[in-house]
Amino acid sequence: MSDGRSFVADLDARQRAMLAEMGVRVWAPKAVAPVEPADLGERAQPAASEDPAHAAARPEPVRVAPPVQPAPVAPAPARPSVTVPAVDVALRPQGIDQMDWDGLRAAVAGCQACALHRGRTNTVFGTGDVSADWMVVGEAPGENEDLQGEPFVGAAGQLLDRMLQAVGRSRQGQGAQGVYIANVLKCRPPANRNPQPPEIAQCEPFLVRQVAMLRPRLILAMGRFAVQTLLGSTEPIGRLRGTVHHYQGVPVVVTYHPAYLLRNPIDKRKAWADLCLAMDIGGTPLRR
Ligand code: URA
């Protein structure tokens, strides 16, 4: 099944509960979006068809085709506003831009281009199907990720998985049901401190190569460091959301980091709006 309306109808109780918990509307393709009462507010209300009492009393909701509004597209920046520090490129594995997946994974595993390699248990390369048409880019491994060698396996990762599930995708899925997840940094910063510009500069060629091989239809950039790295911008996320940016020619949607959303659940509704934008430009969701 490949139709977004079917996906909406097929949301199971758990998915609907999760969306309700997030305070979000159920996304539907723009061409047939239902008209929402102006006073509904942002919190998802049970649809009349879900509530037998209302189903009997209320007429079917009117559906009209609203004019399709293209998502705003950010002009390509003349040059990044983030200063790229001078780093010793000789410390990096050579030929990253020619590597295949196995070569790149091995290069990351053996990388000693910055001091982070001294404190790592495992490198965290990335996970998911390499034919997935969405890519999520996060910040850096935390303690759990460092121990397991996989991105987003802690509490933030569980929220990320639920967000992806709500749009019919998962790290186990393939193609249009999959997502490939990687971080800007492949090694854990000590005590979960912020990534430092020289660390990002040394590690970015790995991400560049991952994107070049994946050629996803869409990149979801989660959090400040992913956004700064991909867009070369120091603008706050709140100013960059809602606009389609580009990285290596791939559309980029900016959203909040799941760890931020755990601390600021009020912004989950904005994250859902970002996922709706991602679905608008990155393909309709499919039933899992
Ligand atoms: N936060 C991230 O940005 N990436 C991870 O892999 C885990 C937490």
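1. Arg-171 sits in the loop that runs between helix H6 (155-166) and strand E2. Helices (H or I, at least four residues) and strands (E, at least two) are DSSP runs, numbered from the N terminus. With a relative accessibility of 8%, Arg-171 counts as buried, where buried means under 20% relative accessible area, exposed over 50% and partly exposed in between (1.4 Å probe, protein chains only).

2. This is a predicted model, in which local features need pLDDT of at least 70 and side-chain atom pairs count only at pLDDT 80 or more, while totals for chains, interfaces and linings use all residues. Residues are numbered from 1 along each chain as its sequence is written, and side-chain values use heavy atoms, with hydrogens and water left out.

3. What does the side chain of Arg-171 reach at 2.8 Å? It is the backbone oxygen of Pro-151. The side chain of Arg-171 also makes a polar contact, at 3.1 Å, with the side chain of Glu-150. A polar contact is a pair of N or O atoms within 3.5 Å; within protein, one must be able to donate a hydrogen and the other to accept it, and residues adjacent in sequence count only if both atoms are side-chain atoms.

4. Pro-151 is also one of the residues around the ligand, together with Gly-138, Glu-139, Ala-140, Glu-145, Phe-152, Asn-183 and His-257. A residue is near a molecule or strand if one of its heavy atoms lies within 4 Å of it. By class, this shell has three nonpolar, three polar and two charged residues. Ala, Val, Leu, Ile, Met, Phe, Trp, Tyr, Cys and Pro count as nonpolar, Asp, Glu, Lys and Arg as charged, and the others, Gly among them, as polar.

5. A polar side-chain atom of His-257 lies 2.7 Å from a ligand oxygen atom, and one of Asn-183 lies 2.8 Å from a ligand nitrogen atom. From Ala-140, a backbone N or O atom is 3.1 Å from a nitrogen atom of the ligand. The protein buries 91% of the 240 Å² that the ligand exposes when taken alone; accessible areas come from the Shrake-Rupley method with a 1.4 Å probe, and for residues only the protein chains shown count as cover.

6. Leu-185 is in the loop between E2 and H7 and, at 1% relative accessibility, counts as buried.

7. That loop between E2 (180-183) and H7 also holds Ala-191, whose phi is near 55°, a positive value in a residue other than glycine. Ala-191 counts as exposed, at 73% relative accessibility. Arg-215, in the loop between H7 and strand E3 (218-222), likewise has a positive phi, near 45°. Arg-215 is partly exposed, with a relative accessible area of 46%.

8. Which helix gives the most to the lining of the largest cavity? Helix H7 (residues 197-214) does, with four residues. The lining has 15 residues, with Cys-111, Cys-114, Cys-187, Cys-203 and Phe-206 nearest the centre. They divide into nine nonpolar, three polar and three charged. About 110 Å³ of space lies in this cavity. On a 1 Å grid over the protein atoms alone, a cavity is a set of points where a 1.4 Å probe fits but cannot get out, and lining residues have an atom within 4 Å of a point.

Key
1 Å grid on protein atoms, 1.4 Å probe; cavity = no way out; pocket = protein on both sides within 12 Å on 5 of 7 lines; lining within 4 Å. Points joined across faces, edges and corners; volume = space filled by probe spheres on them.
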